[in-house]
Amino acid sequence: MNPLLEREKGLLELERRIEDLRSASEGKRIDMSAEIASLESKYRQVLAELFGSLTPWEKVHMARHPRRPTALDYIAGFDAFDELHGDRMSRDDSAIVGGFARLGGHSIVAIGQQRGRDMKENLARNFGMSTPEGYRKGERLALLAERFNLPLVTFVDTKGADPGILSEEHAQSEAIASSLEVFAGLKVPTLCVVIGEGGSGGALALAIADRVLMLEHSVYSVASPEGCAAILWGDASKAEEAAAHLKLTAADLRGFGIIDEIIPEPLGGAHRDPEGTVTRVLDRVGALLDVLETYSLRELLDARYEKYRHLGSWRDAVAGSDGAT
Amino acid sequence: MADWLRGGRNRDKVRDDAAQWVKCPSCGEVLYRPDLSANLDVCARCSHHFRMRAHDRILSLVDGDFEEIARGVLPADPLGWTDKKSYPQKLAADAEKSGMDEAVLCGFGSIGGHEVALGVMDFHFRGGTMGSVVGERLTRLIEAATARQLPCTIFTASGGARMEEGMLALMQMAKTTAAVLRLKASGEPFITVLTDPTTGGVSASFAFQADVILAERNAMIGFAGRRVIEQTIRQRLPDRFQTAEFLLERGHIDGVVERANLKSTLERILGYARAGRERRKRAELSA
């Protein structure tokens with residue numbers, strides 16, 4: 001059950017009435033601007049009420065919204081993009097896309113996790129769930145960024161790594177483990193944006209970076225709420241309850257120091273203004289690339305190590321104090 | 001009594017006679033617990049490898065004493081998690097049951113004369129799941145191995161990331177990875193032994209980042225859990241799927257080892273590591 005649909009129904013009704021009034025006033029040459037303005041004001045008010053505060057579960061649905069901009073929408077916003085394919089071994093996993101790109105004054109390598117925008121594309125792209133071949137493609141492109149000495153930008157949007165038989169036979173664990181190693185030590189500036197759903201190790205494989213950003217209504221979680229509910233309670237249908245526990249919103253993760261920055265979304269979510277969202281994200285990415293370029297490689301690598309080194313929460317019985325974070 | 005044995009000390013004082021007997025889940029043989037322990041928790045009849053406790057594992061490997069580190073790192077409750085029980089209640093129950101205060105023991109000892117940093121995970125505490133404490137203890141171990149210029153060996157046994165610590169648990173994959181990278185850059189070898197079971201966030205991070213990856217006989221090893229895959233494909237998986245032997249055939253691991261041969265196998269590998277280190281020192285001296 002999608003809790004966002006219920007909320008959006010009321011909006012659609014208002015949108016329809018505003019549209020009706022507009023066409024009526026045009027046809028009959030009657031000035032209805034006051035009524036229209038009043039309805040539009042009501043519309044903004046309802047929008048603010050409906051989407052001003054979302055529950056974690058509603059954010060999960062926002063992050064998965066079929067019309068939410070995907071990695072390729074951001075890539076389309078680059079000044080140039082030259083796609084590169086394949087893992088050089090066996091396949092070209094289309095759940096991962098990437099290549100050279102230009103953004104403002106920066107030449108970069110970009111990698112994105114690409115879910116489908118409709119059922120047909122979802123089937124082709126395995127719902128954005130990468131196989132080991134996809135992670136090896138991503139790792140290859142990350143190393144290409146290092147080889148060309150170009151900054152790396154990644155867009156994270158996946159429920160998680162593909163959990164199929166073939167993925168196990170092709171060493172999914174090794175593929176993710178190896179990707180983590182490459183990203184942790186990559187000798188160029190790295191920047192990651194969680195644009196939709198960041199699910200588990202399958203997301204983290206592309207998400208170790210000098211700066212990690214999240215769109216306001218994206219989520220990032222140790223496991224999908226469904227997966228978490230299945231693991232803990234043997235019942236995936238308790239996903240809403242799991243979502244409430246998991247602390248998976250951008251604000252939660254900013255609080256833990258796991259992400260560096262939150263990019264605001266238009267009221268009602270990124271899908272209400274996809275172009276504006278893409279522009280806002282890419283502007284911020286460009287500005288942060290400018291910042292990252294001011295550090296030496298040694299400074300970047302040391303800061304990257306320290307950032308991850310201090311993540312966690314524990315009690316220190318010897319020191320008698322709480323641990324970092 | 002060595003300090004590190006504190007936790008496991010009273011575990012074998014079983015008063016009930018019936019509890020001295022255990023049935024092998026593989027062949028059904030009824031085994032006398034002291035005999036089973038003496039045989040490294042391996043069924044004398046069918047060689048089924050029972051899941052080993054971290055204390056017993058360490059005792060079975062190290063020559064003399066074990067210098068435990070990071071014992072003071074203990075779990076907190078960063079998410080304030082409560083479902084049927086609170087997270088602190090779950091931790092307390094597992095501590096009581098297992099004699100462990102977390103899912104890993106870390107420290108230094110010698111294996112056949114080779115000094116080594118040793119981390120041993122224990123499935124009996126929260127299913128060996130990795131939260132902040134497992135990540136922090138292992139990171140301190142790997143960093144200490146790097147500082148002391150010693151090889152690092154980790155025995156894995158884990159159901160993956162610990163849900164009750166949310167994203168802080170997932171981030172331990174990144175943290176341990178960064179430490180492994182520095183260990184490798186320092187020239188010291190990293191060896192993992194995957195034991196039953198090794199899955200999820202542990203298998204997808206340090207378990208598969210080692211220079212040499214061994215697995216115990218018949219251990220279940222994979223990324224996605226068996227149930228998850230079966231639900232996805234809507235059919236039953238073959239019994240051998242995700243076993244150590246299955247992974248060996250597909251080239252994912254270096255070898256499958258019987259528990260009885262594990263110590264001697266590690267000794268030989270650490271011997272090669274020592275040879276390499278001595279060779280490097282000679283080169284440095286002559287340079």
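## Stop 1: a helix and what covers it

Select helix H6 of chain A and everything around its buried residues: the cover includes strand S2 (96-103), strand S3 (106-113), strand S4 (152-158), helix H7 (165-169) and helix H8 (172-185) of chain A. Before you go on, keep in mind that this is a predicted model, where local features need pLDDT of at least 70, side-chain atom pairs count only at pLDDT 80 or more, and totals for chains, interfaces and linings use all residues. Residues are numbered from 1 along each chain as its sequence is written, while chains are lettered from A and ligands numbered from 1 in the order in which they are written.

Buried is for a residue with 20 or more other C-beta atoms within 10 Å of its own, exposed for 12 or fewer, and partly exposed for in between, with C-beta atoms placed from the backbone. Contact between two residues needs C-beta atoms, placed from the backbone, within 7 Å.

H6(A) itself covers residues 132-147; its 16 residues reach 22 Å from first C-alpha to last, close to the 22 Å expected at 1.5 Å a residue (the expected span is 1.5 Å times one less than the number of residues). Its buried residues include A:Tyr135, A:Arg136, A:Leu141 and A:Ala145.

Now step off the end of the helix to A:Asn149, in the loop between H6 and S4 of chain A. Its phi is near 55°, a positive value in a residue other than glycine. Is A:Asn149 buried or exposed? It has 10 C-beta neighbours inside 10 Å, so A:Asn149 counts as exposed.

## Stop 2

Carry on into S4(A). Seven of its seven residues are buried, so S4(A) is largely enclosed by the rest of the structure.

S3(A) pairs with S4(A) in the parallel sense over four bridges, and A:Ala110 stands opposite A:Val153. Strand S5 of chain A (residues 190-199) also pairs with S4(A) in the parallel sense, over six bridges. To find one of these, pick A:Thr158 and its bridge partner in S5(A), A:Gly198.

## Stop 3: two domains in chain A

Colour chain A by domain: domain 1 is 3-52 and domain 2 is 61-309, with bounds from an automatic or database domain assignment. Their C-alpha centres lie 36 Å apart. Each gives five residues to the contact between them. On the domain 1 side, helix H1 (3-28) and helix H2 (33-51) each supply at least two residues, and H2(A) gives the most, with three.

## Stop 4: where the chains meet

Bring in chain B: 45 of its residues are in contact with 48 residues of chain A. Which element of chain B gives the most to this side? Select H5(B), which supplies 13 residues. The chain B side divides into 27 nonpolar, 14 polar and four charged residues (Ala, Val, Leu, Ile, Met, Phe, Trp, Tyr, Cys and Pro count as nonpolar, Asp, Glu, Lys and Arg as charged, and the others, Gly among them, as polar).

Next, look at strand S9 of chain A (residues 314-316), which runs antiparallel to S4(B) and is joined to it by three bridges. A:Arg315 has B:Leu74 as its bridge partner there.

## Stop 5: the sheet in chain B

Select the open sheet of seven strands in chain B, in the order S3-S5-S6-S7-S8-S9-S10, with mixed pairing. Strand S3 (67-68) and strand S10 (255-257) stand at the edges, each with a single partner strand, so one side of each has no neighbour in the sheet. S9(B), residues 212-216, pairs with S10(B) in the parallel sense over three bridges, with B:Ala215 partnered by B:Val256.

A cis peptide bond joins B:Asp196 to B:Pro197, with omega about -15°.

Methods. Pairing = 2+ DSSP bridges.
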